Amino acid sequence: MGSRGHGFLAAARRSADRRKLADEELMGLVRTGDGDAFEIIYDRHCDAAFSLAYRMCGRRATAEEVLQEAFLALWRTGGRYDRSRGSVRNWILRIVHNHAVDALRRGVVRERRLLHEEGAVERVAGSEDTAEWTLDRERAHEVRGALESLPKEQSRVLELAYFGGFTHIEIASMLQLPAGTVKGRMRLGLAKLRIAMATEEGIGR
Amino acid sequence: MSEERERPLPGEGGCGDAAIYLLGLLEEEHSRAFVEHARTCALCSDDLAALGPAVDSLPAAVPQVSAPTHAKRHVMAVVRSEATQARRASSRRGVQRRWVGLRRLPSRRSTLALAGVGLLAGGVAVGGLSTPFGGGSAGGAARVVSADVALPGASAMLHESRGDTWLTVAKMPEPAAGHVYEVWLKRPGGAPQPTDSLFAPTASGAATVNVPAARGAGEVLVTQEPAGGSRRPTGPVLIVAHLA
């Protein structure tokens, strides 16, 4: 076999080896400018990232922009990942969330904001051109169940804040409530969500 | 009303703001203030630990949608191109460091010897830079060409890998209403030929487009054209990348 064949096999083996690495180990390689490691991270998390962006922005085109901006930011700031502050997936989704909020606040998707204001926020994002992923379905079911178990006024402020990108001040104005009440509902909602999920996972006892 | 144990919460980024901090609702300045505060506040520190996993779980409630494949092409084209540039810059620095190190040789060494070493180092540097697209023995044959851009603040580069050529732009302004950017190929002595590559950048001014059949072209050009593209350039050349 020629040297070219050896080179190809070595590259394939290297790629296969990388795919066995945990996210945290791959991030160590991304920090050194390893594009192959970054590609694996992208493949593992792009669907969750796009799903979040799509749910928040309500438009595929905007969600695509958010996805691309977020992953390029991740590539350029990979060195900032700190494993003591949670999983790579959660870190990526936080970056995506921040970019989606920026897009919402830039007014890129004003119609989406109007939808929120009209109370459409309770509706689950449209499922056209989508496919539920079996792997995450159980987890999704748990979280949705936990969200639905919250008092309506608490789940509403959480949805408006997290998925709608509205500030607590905007939500207070929208719902004609004091800002302190909105903050309190968010805190209670999150605390109950945590408990509800821990219970569902069987670790809340 | 069922607002059990709701506390009155003063100011922004102060005590009790863990939830709005975690939900990303605080401005950067208030966010920093809250992080500072939480370092010494047991209540807020406990809130962060207790509420953080709840916020992190929220994305799981979203119906899962497959990311479009062209988004990956765009992202990876930029990543590969930046990784190549970084590698090249790093090896250039390495050569420079070696050269600087050699120049620090004691001056009493013979001028001839130093000149010889200098020539050798220069040869390495020139050799390294004269294969600007990093082909070499790795077999990756990735090549990156920086383009001249007539738009203030914007930048562009061509990335060629495995027979595909991509144009990546950054900080490009939006084209005028009803217009797009169009990519052209120009062969030496010929007129610009249109391609199918029409694009508009993202809100941040970024875009990556395929440049078909770029092999053999002397230059890749970009102009602004009416939506749908033109058969001949109607506007000034905004980007030019010299391939020859």
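Colleague: What should I know about the model and its numbering before we start?

Modeller: It's a predicted model, so local features need pLDDT of at least 70 and side-chain atom pairs count only at pLDDT 80 or more, while totals for chains, interfaces and linings use all residues. Residues are numbered from 1 along each chain as its sequence is written, and chains are lettered from A and ligands numbered from 1 in the order in which they are written.

Colleague: How do you know how many helices and strands chain A has?

Modeller: Helices (H or I, at least four residues) and strands (E, at least two) are DSSP runs, numbered from the N terminus. By that rule chain A has 10 helices and 0 strands.

Colleague: What makes Gln176(A) buried or exposed?

Modeller: A residue is buried if 20 or more other C-beta atoms lie within 10 Å of its own, exposed if 12 or fewer, and partly exposed in between, with C-beta atoms placed from the backbone. Gln176(A) has 6 C-beta neighbours inside 10 Å, so it counts as exposed. Its place is in the loop between helix H9 (168-175) and H10 of chain A, and its phi is positive, about 55°, although it is not a glycine.

Colleague: And what is Lys171(B) called on that scale?

Modeller: Partly exposed, because it has 15 other C-beta atoms within 10 Å. Lys171(B) also has a positive phi of about 55° without being a glycine, and it lies in the loop between strand E4 (164-170) and E5 of chain B.

Colleague: How much of chain A counts as buried?

Modeller: Of its 205 residues, 41%.

Colleague: What makes a nonpolar core, and which residues touch the most other members of the largest one?

Modeller: A core is a set of buried Ala, Val, Leu, Ile, Met, Phe, Trp, Tyr and Cys residues joined through C-beta atoms within 7 Å. The largest has 103 residues, and those touching the most other members include Ala49(A), Val96(A) and Val220(B). H3(A) gives the largest share, 13 residues.

Colleague: Which residues is Val96(A) in contact with, beyond its neighbours within four places in sequence?

Modeller: Contact means that the two C-beta atoms, placed from the backbone, lie within 7 Å. On that basis Val96(A) is in contact with Ala49(A), Leu52(A), Ala53(A), Val66(A) and Ala70(A).

Colleague: At what angle do H3(A) and H5(A) pack?

Modeller: About 35°, with their axes 9 Å apart. Axes are lines fitted to C-alpha atoms, for helices over the stretch in contact, and angles run from 0 to 180 degrees between N-to-C directions.

Colleague: Is their crossing left-handed or right-handed?

Modeller: H3(A) passes H5(A) in a right-handed crossing. The term is left-handed if the near helix is turned anticlockwise from the far one by less than a right angle, and right-handed if clockwise.

Colleague: How many residues does each chain bring to the contact of chain A with chain B?

Modeller: Chain A brings 61 residues and chain B brings 44 residues.

Colleague: What makes E5(B) and E6(B) a pair?

Modeller: Two strands pair if DSSP finds at least two bridges between them. Here 4 bridges join strand E5 (residues 179-186) of chain B to E6(B), running antiparallel, so by the at-least-two rule they pair. Tyr181(B) stands opposite Phe199(B), and Glu182(B) has Leu198(B) as its bridge partner.

Colleague: Why is E6(B) called an edge strand?

Modeller: Because strand E6 (193-199) of chain B pairs on one side only. Its open sheet has 5 strands in the order E2-E9-E8-E5-E6 (chain B), with antiparallel pairing.
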